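Visitor: Could you walk me through this model? I am new to reading structures, so please go slowly.

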Amino acid sequence: MHSDKISVSNLMNPRVQTDCEDQNIMSACNIMYTNNIGSVIIVSHDGNRGPLGIITERDVVRILGKLDPNLLQTPLSTLMSKPIITIKESASINEATKIMNNKKIRRLVVVDKNNKMIGILTQRDIFK
C-alpha cells in the first residue's frame, strides 16, 4: 500500500504523554523516563488542556547543557519548543513525512476535525 493511501490515524499513537505548562524540566524528564519515550506534549493547565508546545530529549540536553541551576525551576512554558506542529487524522502518511522533512521535526501532534489532540505520530511510527 502506498503512503498516500495510508492515513495518519492508522499509525499514530493515541496515548499522548503530557505535562502542564507550569511544571519544570524535571517533571517532563520523569514522564519521559517512566514511559520510555522521547518527548512530552506541553498542555495548558486550564480545562481545555490543549497542546501548547513540546519538550524532546534534544531539548532536555540543550537546556541542561547550559549548566544553569535556575533552568531546573523554569516553567516548561518558557522552555518548550513552539508553536506545536499538528496534522489532521485524515491526512496521509505521505503528507506527514513531507511536513516532518520541511520543518525538520520528528513528531507531529495529530488532531481531529475540531483541532482536538487525539494522538502523536513519530518518525518511528512511520518506519515500523
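Guide: We can go through the sheet, the helices, the cores and the hairpin in turn.

Guide: Please keep in mind that this is a predicted model.

Visitor: Okay, what is the order of the strands in the open sheet of three?

Guide: The order in this open sheet is 1-2-3, and the pairing among its three strands is mixed. Strand 1 (18–20) and strand 3 (51–56) stand at the edges with a single partner strand each, so one side of each has no neighbour in the sheet. On average, and ignoring direction, neighbouring strands of this sheet are turned by 35° against each other.

Visitor: And in which sense do strand 1 and strand 2 pair, parallel or antiparallel?

Guide: Strand 1 pairs with strand 2, residues 39–43, in the parallel sense, and three bridges join the two. Within this part of the sheet, Cys20 stands opposite Val43 in strand 2.

Visitor: Switching to helices, at what angle do helix 2 and helix 3 pack?

Guide: Helix 2 (residues 25–35) and helix 3 (residues 57–64) pack at about 145°, with their axes 11 Å apart, and the crossing is left-handed.

Visitor: Which residues meet there, helix 2 against helix 3?

Guide: From helix 2 there are Ile25, Cys29 and Met32, and these meet Glu57, Val60, Ile63 and Leu64 of helix 3. Sorted by class, this contact has six nonpolar residues, one charged residue and no polar ones.

Visitor: What about the largest nonpolar core, which residues touch the most other members?

Guide: This core has 13 residues, and those touching the most other members are Ile25, Met32, Ile42, Ile55, Leu76 and Leu79. Two or more residues come from each of helix 2, strand 2, helix 3 and helix 4 (76–79), and helix 2 gives the largest share, four residues.

Visitor: Can we stay with Ile55 for a moment: what does it touch?

Guide: Leaving out residues up to four places away in sequence, Ile55 touches several residues, including Ile25, Ala28, Met32, Val60, Leu76 and Met80.

Visitor: Last topic, the hairpin: how many residues lie between strand 5 and strand 6?

Guide: Five residues lie between them, and Asn115 in the turn has a positive phi of about 60°. Strand 5 (residues 107–111) and strand 6 run antiparallel and are joined by five bridges, with Val110 opposite Gly119 in strand 6.

Visitor: Is strand 6 mostly covered or mostly exposed?

Guide: Strand 6, residues 117–122, is mostly covered, since five of its six residues are buried.

How values were computed. Residues numbered from 1 in each chain as written. Predicted model: local features only at pLDDT ≥ 70, side-chain atom pairs only at ≥ 80, totals over all residues. Heavy atoms only, no water. Pairing = 2+ DSSP bridges. Axes fitted to C-alpha atoms, helices over the stretch in contact; angles between N-to-C directions. Left-handed = near helix turned anticlockwise from the far one by under 90°. Contact = heavy atoms within 4.5 Å. Nonpolar A, V, L, I, M, F, W, Y, C, P; charged D, E, K, R; others polar. Core = buried A, V, L, I, M, F, W, Y, C linked by side-chain atoms within 4.5 Å. Buried < 20%, exposed > 50% of the residue type's maximum accessible area, 1.4 Å probe, protein only.
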